[in-house]
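Opening my notebook on this one. I'll jot down what I looked up, entry by entry.

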Amino acid sequence: MPVPSIPEAAIAALSSAEAVAAFTGAGISAESGVPTFRGERGLWRTYRPEELATPQAFEADPRTVWEWYTFRRDLMAKSNPNPGHYALARWERHFPHFSLVTQNVDGLHHRAGSQVVYELHGNICRSRCHWCRKPAGDLGVGPDGELPHCACGGPIRPDVVWFGETLPARTVDDAWKDVRQTDVFVSVGTSSIVYPAAGLIEIARSAGAFMIEVNPEETELSGLFDVCLRGPSGIILPEVSRRLGLAD
Ligand code: BV8
Ligand code: ZN
């Protein structure tokens, strides 16, 4: 695939930036083989979000919800970070202040070497009690199919944020504070549909950041960006690194 051209304005903004914030969605993991949520071969095509990624769905049918998460955990265990993840891990070491805010639950940013990752929607590899929130390692469905339970009697679930659930307060505070102060905001691989996460785009814009979107397609909020880099992040982000003189 030919490397799309990167406008000089984007390189100039990043070259002079003290603080850069990257905001990622499922699209950055697409080239790792992790299906996106809403795309052509998206995860939701097989299931509807209301059916599975909600506390009501879990309370009504924990086995089906666990089957979906076990399927996704197995998928993610077989997936590896791609050049897009590695580029952002490199940016963390390069920029004086760098923040990585992700909607993804696949843990691929950590596996690519990013040290500080704000996981707004949790992490699918971790589990916790649905009642007392006690962490439960990476517990899942037992070998003979028994569903895991906490000592308090509560059902154990994946440690992700479901629709209708609030995001982790401390992570939100830290991420929102960084985005308010960033010089450049780079949104990568998100359809900008899910809130409050997508609200970060408007926050960065109104804080005066230079706005860059990396996505092969237009999104609901593309109009808020100064530069839209239309292509796969696994190609575009390493090209931006090259233009910034960041050897791999
Ligand atoms: C909340 C974890 C306050 C689980 C996820 C009714 C009641 C309550 C709330 C709501 C409600 N109605 C609406 C809401 C708000 C709701 C919401 O936003 N709904 C949407 C659907 C409209 N939000 C919430 O519920 C949030 N909580 O509001 O709490 C509250 C509390 C109580 C009562 C009232 C309010 C919680 C939202 C978190 C949900 N959890 N994930 C799990 O993973 O199983 S969301 C899920 O969507 C993932 O985290 C995912 O990351 C996220 C966003 O999707 P994207 O990442 O953007 O992925 P998508 O597939 O959409 O797009 C991929 C993009 O990549 C595309 O643009 C594509 O073009 C691009 N792409 C493809 N290939 C590439 C690429 N880009 C670059 N390179 C490539 N190669
Ligand atoms: Zn418990």
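Entry one, a helix pair. I found that Trp176, Val179 and Arg180 in H8 meet Leu200, Ile203 and Ala204 in H9; contact means heavy atoms within 4.5 Å. Helices (H or I, at least four residues) and strands (E, at least two) are DSSP runs, numbered from the N terminus. By class, I get five nonpolar, no polar and one charged residue in this contact. Ala, Val, Leu, Ile, Met, Phe, Trp, Tyr, Cys and Pro count as nonpolar, Asp, Glu, Lys and Arg as charged, and the others, Gly among them, as polar. The axes of H8 (residues 169–180) and H9 (residues 199–206) come within 8 Å and cross at roughly 35°. Axes are lines fitted to C-alpha atoms, for helices over the stretch in contact, with angles from 0 to 180 degrees between N-to-C directions.

A note on the source: this is a predicted model, where local features need pLDDT of at least 70 and side-chain atom pairs count only at pLDDT 80 or more, while totals for chains, interfaces and linings use all residues. Residues are numbered from 1 along each chain as written, chains are lettered from A and ligands numbered from 1 in the order written, and side-chain values use heavy atoms, leaving out hydrogens and water.

Entry two, H10. Which residues of helix H10 (residues 233–243) are buried? I list Ser233, Gly234, Ile236, Leu237, Glu239, Val240 and Ser241, with buried meaning under 20% relative accessible area (1.4 Å probe, protein chains only). They pack against helices H1 (8–15) and H6 (83–94), plus strands E6 (184–188), E7 (210–214) and E8 (227–229). After H10 I reach Gly245, which has a positive phi, near 75°.

Key:
Buried means under 20% relative accessible area, exposed over 50%, partly exposed in between (1.4 Å probe, protein chains only).
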